[in-house]
Amino acid sequence: MEGASATNHCFGCGRDNPIGLKLDMHMEDGRCVAYFTPKAEHESYGDRMHGGLTSTLLDEVMGDYVFRTAGKPAYTARLEIRFRSPIRIGETIKVEGWPEVHRRRLFIMKGRITHADGTPAAEATAELMLAK
């Protein structure tokens, strides 16, 4: 399976979306992983990446994990973010998502963004429901 990248206009990973993030997600040690370097257009203020984009990145890798492993999309029912430290414009971050619980259509996922030195920038918990 090709993962969510098969959806060419996906905001997170679609190659044909002119305003998309074009994340290159892959599986690594049982987790979905992507790297991202925010640009000036991703800024909130003070040379920091917008918090909404932080949330989007986490949501994308957690959802892509489910898509890759279950073979169909899942929709986010709940998303909780803990912002730990600012993400600076121009710094490359690691974004990863993995399952905590899987019961029928429900996936309870964990996600994390880390700086290059391994310190956490944000952590997430999400509940995703598989499409029928």
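Buried means under 20% relative accessible area, exposed over 50%, and partly exposed in between, with a 1.4 Å probe and protein chains only. The model is predicted: local features need pLDDT of at least 70, side-chain atom pairs count only at pLDDT 80 or more, and totals for chains, interfaces and linings use all residues. Residues are numbered from 1 along each chain as its sequence is written, and side-chain values use heavy atoms, without hydrogens and water.

View 1. The structure holds 0 disulfides, a disulfide being a pair of cysteine sulfur atoms within 2.5 Å. The closest cysteine sulfur to that of Cys13 is in Cys10, 3.6 Å away, too far for a bond. Cys32 is in no disulfide either; its nearest cysteine sulfur, in Cys13, is 9.1 Å away. Cys13 is buried, at 1% relative accessible area. Cys32 is buried too, at 0%.

**View 2. The open sheet.** Strands (E, at least two residues) and helices (H or I, at least four) are DSSP runs, numbered from the N terminus. Two strands pair if DSSP finds at least two bridges between them. Here 6 strands form an open, antiparallel sheet in the order β1-β2-β4-β5-β6-β3.

**View 3. Strands β2 and β4.** β2 (residues 31-36) pairs with β4 (residues 93-103) over 5 bridges, in the antiparallel sense. Cys32 stands opposite Gly97 in β4.

**View 4. The end of helix α1.** Which residue just after α1 takes a positive phi? Gly71 does, at about 85°.
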